[in-house]
Amino acid sequence: MTAPVKKLKVATATLAGCFGCHMSFLDIDERLLELVKLVEFDRSPLTDIKHCGPCDIGIIEGGLCNAENVHVLREFRANSKILIAMGACAINGGLPAQRNHLSLPLILEEVYHAQYGLVDGFIPNDPELPLPLDKVHPIHEVVKIDYFIPGCPPSGDAIWKVLTDLLAGREPELGHGLMHYD
Amino acid sequence: MIEAHIWSVAMNKDNTFTLDGKLIPYHEGQTIIQAAIAAGEYIPHLCFSPEFKPHGSCKLCTVKANGRQTASCTQQPQPGMVVESNTKELNDERRVLLQMLFVEGNHFCPSCEKSGNCQLQATAYQLEMMSPHFDQFFPDRPVDATHPEYLLDFNRCILCSLCVRASRDVDGKNIFALSGRGIKSHLIVNSKSGNLADTDFSAADKAAHVCPVGVILKKRVGFAIPIGQRTFDEQPIGATPHPTVKGA
Amino acid sequence: MTSQINKHSEYLDSILHFRRHNANDLLQILREAQEHYGYIHSDAIDYLSEKLNLPRSKIEGVAGFYSFLYLQPQGEYRVLFSNNITDRMLGNMDLLASLCDQLWVEPGKLSEDGLLWVNTTSCTGLCDQGPAMLVNNIAINRLTHDRINTICELIREHVPVSAWPLEFFAIEDNIRRKDIMLGSDFKSGSALAALKQRGAEGVLNEVKISKLRGRGGAGFSTGSKWELCRAAPGEQHYVVCNADEGEPGTFKDRVLLNSYSDMVFEGMTICARVVGARKGFLYLRGEYRYLLDHLQAVLQRRRQQNLLGNSILGEAGFDFDIEIHLGAGAYICGEESALIESLEGKRGTPRNRPPFPVTNGYLNQPTVVNNVETFAATSLIGMNGGAWYAGIGTETSSGTKIFSVSGDCERPGLYEYPFGVTVAQVLADCGAHHTQAVQVSGASGICIAAHEFSRRIGFEDIPTAGAFMVFDQSRDMFEVARNFVHFFAHESCGFCTPCRVGTSLLSNMMDKLAHGFGSPYDFAEIEKLNVLLQSTSHCGLGHSACNPVLDTIAKFRPAYEKRLAHKDYVPAFDLDGALFQARQMTGRDDRGAHLERGNE
């Protein structure tokens with residue numbers, strides 16, 4: 001009887017992202033069955049575990065737009081041996097970062113006070129709410145990131161290629177067709 | 001194809017140089033990149049176009065010529081010169097130059113109409129730029145939509161000056177010019193208001209079709225070419241010496 | 001509209017007339033237009049576009065390049081504080097704050113009443129008598145709180161700068177050590193008389209024998225340069241004197257032009273005879289505007305003495321005259337090909353080289369570009385011969401060099417030494433104590449630490465264009481490097497990707513370290529940037545931009561270590577600070593409204 005293979009622990013999270021990269025991840029379809037022979041998921045939308053413990057690979061979708069994003073990212077960095085930024089938002093701020101040339105006060109005023117049709121607008125200030133950062137940041141601007149999977153979203157094939165390269169101990173490479181920023 | 005070129009020119013040491021070990025013929029007045037392109041070889045470049053005089057600003061085309069790094073678009077070959085281009089060292093440098101361009105402007109590919117036909121993007125794919133690496137500048141740059149047919153989105157400008165050269169040397173109009181200095185360098189147009197609509201820019205201008213990125217865009221064509229059929233979906237930019245871009 | 005154009009046409013017509021409607025003189029035309037009107041009005045650009053047959057965009061593009069040209073109103077008083085590290089060491093920022101406080105103005109913003117605009121500017125070349133400022137392009141030295149208070153009064157009362165106390169503008173030479181040049185008893189015309197004796201070939205030969213190398217920093221053989229130019233075919237040859245002296249800490253040419261200008265102009269004239277030039281330019285940095293009247297007077301006197309103009313010293317066919325062109329606040333125009341672009345009325349971006357100016361320079365004609373001190377040296381060589389000159393200094397570096405010494409020393413000013421002098425000697429002579437470091441040859445030069453003070457100044461060891469800035473033990477060498485890095489980012493011409501973006505990246509990195517967000521990761525990043533800039537930059541500015549940082553990291557590491565967060569990787573910004581605006585807008589200050597510094 002052979003000893004069971006030690007599975008790698010993988011955790012994933014979405015910060016200021018649309019979850020599209022996670023949806024794209026599921027586009028690996030039946031290869032997911034192959035994957036779960038090699039890895040087990042810690043915190044992730046797939047498992048609904050709320051906090052990530054020590055893991056081998058952390059995958060982050062989405063950039064940093066508020067304080068809560070920063071907390072989650074820090075937890076991931078502290079607990080992951082390898083941390084991967086997946087998708088445009090994590091890598092360069094993406095769509096949420098398109099607000100960066102505007103000032104935050106201006107945006108909050110516009111949305112919560114000046115919008116047409118608003119009655120008694122006020123800026124939400126419940127202590128439970130995470131506060132927005134003045135600018136949206138790519139995640140590598142706050143913690144060290146080890147690998148990047150570009151795309152909006154990266155295709156399931158691209159994600160699969162990077163993961164299998166890493167699991168095999170190779171430097172990830174995408175090549176024409178898998179490599180794109182849109 | 002390369003053989004045909006070689007046999008058509010008298011081959012002696014006086015008019016050839018080597019590019020990554022390959023013998024490349026050249027004639028008086030050609031620069032390294034011009035000779036390379038004529039011989040069917042690809043050297044990454046952005047501000048260079050075979051139709052215009054070399055500019056030398058992007059520095060993507062930097063090669064090592066007899067051990068010294070130099071821009072291949074402005075360097076004239078010497079007989080027997082040993083030129084290296086496709087080395088890890090040079091490609092690593094080019095990747096950093098691309099990263100610099102990506103953090104300097106606002107290059108948001110997912111919503112850009114030039115995506116898939118963009119030389120900056122395609123060169124970054126070619127050099128496997130996986131992330132911008134540096135901290136983004138997020139500059140506040142304008143969009144000029146005043147002209148009825150053409151849009152100018154300055155977020156993407158890489159200061160290649162192709163539009164400046166085309167407007168000045170081909171169209172004879174001088175619509176575009178560079179102003180400012182250093183990191184504040186930016187493109188301006190030839191009108192008092194600063195708006196494109198107040199110039200004599202027209203869709204028939206050469207300058208309307210030379211932008212390698214998504215600054216000068218024809219309005220109301222949107223994403224006409226589907227994903228999968230765009231210029232650089234079909235083949236990477238490195239597959240030809242200089243691309244012929246669809247929808248330009 | 002017509003009446004508005006007429007408003008500008010009057011003063012522009014006279015400027016255009018004087019400049020003979022020459023589009024090459026665009027920079028001078030714009031400068032003079034601004035001197036008259038206060039800034040370059042949009043209607044003025046229209047008028048110039050029409051009269052010079054230049055596209056509007058081109059004129060605007062040129063105006064936009066130079067720091068001292070303004071396309072918007074800049075107030076009745078434009079006050080620019082020189083912000084070299086030596087000015088900062090003397091407390092210029094306190095003085096700037098005081099002035100802004102008293103006059104209710106924010107730095108970089110036009111005051112509400114349109115009265116004044118205050119900002120900092122790159123080193124103005126008055127390091128030996130700082131802190132310094134420029135008010136409406138005129139230099140004021142030795143700023144103190146007293147002087148600032150008086151200046152505030154004068155500004156409040158709209159007193160024209162020309163009526164301000166004369167002592168404000170008394171710029172001293174501060175010559176501390178003379179040698180063959182500063183101590184020469186040169187008489188105007190004597191080098192030209194010698195030229196007459198030796199002939200053009202003879203003088204060229206003497207210059208070659210002298211082994212004189214350019215004094216502007218690059219150190220190219222002057223004899224070779226003149227010879228190449230002389231031999232180069234062209235319709236016209238030109239002689240250009242590079243008086244752009246923008247390297248921080250350099251002010252030797254300022255003194256040569258103030259008190260030894262005959263020697264300089266005579267050197268240019270000798271050169272003209274050798275290369276066959278009929279026209280010469282003195283490209284004078286805009287910060288030395290205050291020298292213009294004096295220099296024009298010297299030229300006029302020389303014309304009257306038959307030392308300039310037609311048939312110089314009676315020799316038929318020996319015609320040469322000099323025009324003074326002013327720069328407008330762009331350090332890069334000290335680079336010879338960028339200087340030539342500027343002379344041609346364009347943005348000062350360096351050219352692709354080869355070809356070099358000696359064959360393809362001003363208007364694509366053979367041109368000699370030499371430094372002020374170089375031309376002065378050729379006058380001495382013309383008189384005393386090359387062998388005499390070659391016998392001074394060292395084998396590789398002949399002759400003497402003028403140093404402009406500033407910083408922590410008792411006697412800042414000009415010191416002339418034969419090449420080969422040690423750093424220690426200069427420090428002893430200028431009264432420097434407890435010296436920690438010396439920055440030789442400015443921001444693009446080398447930082448010398450105490451264990452290297454026995455090294456010699458010369459092309460074989462420590463080359464220099466002249467700047468010699470002294471820092472004692474109390475100084476923070478990190479801040480010195482940071483000042484230089486800010487300088488390069490401000491002065492980058494922006495043409496090539498590596499320097500345009502790289503100098504800003506470097507500036508941001510140094511600010512990151514300054515604000516306590518540094519980590520060893522940043523050191524590696526700076527190293528990588530340096531390699532890239534060295535390999536791919538278009539000109540020397542990009543090549544040197546990382547030098548100050550690498551030198552100081554290597555030799556003054558503790559100054560950096562104390563700013564490291566002792567972690568592997570630190571974000572560049574204050575995360576808690578990034579929540580400040582949101583806290584303000586929501587009125588929250590609970591624990592969840594803050595982010596602590598992390599353990600990333």
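**Exercise 1.** Determine which residues of helix 13 of chain C are buried, and what covers them.

*Solution.* In helix 13 of chain C, the buried residues are C:Glu336, C:Ser337, C:Ala338, C:Leu339, C:Ile340, C:Glu341, C:Ser342 and C:Leu343, where buried means that 20 or more other C-beta atoms, placed from the backbone, lie within 10 Å of the residue's own. Helices (H or I, at least four residues) and strands (E, at least two) are DSSP runs, numbered from the N terminus. Because 8 of the 8 residues of this helix (336-343) are buried, helix 13 of chain C is largely enclosed by the rest of the structure. The covering elements include helix 2 (26-37) and strand 6 (237-243) of chain C. After the helix comes C:Gly345, with a positive phi near 75°.

The model is predicted, with local features requiring pLDDT of at least 70 and side-chain atom pairs pLDDT 80 or more, while totals for chains, interfaces and linings use all residues. Residues are numbered from 1 along each chain as its sequence is written, and chains are lettered from A and ligands numbered from 1 in the order in which they are written.

**Exercise 2.** Describe the side of chain B that touches chain C.

*Solution.* Begin with the contact, in which 29 residues of chain B meet 32 residues of chain C, two residues being in contact if their C-beta atoms, placed from the backbone, lie within 7 Å. Next, helix 3 (88-104), strand 8 (176-179) and strand 9 (186-189) of chain B each supply at least two residues of this side, and the largest share, 6 residues, comes from helix 3 of chain B.

Key
Buried ≥ 20, exposed ≤ 12 C-beta atoms within 10 Å, placed from the backbone.
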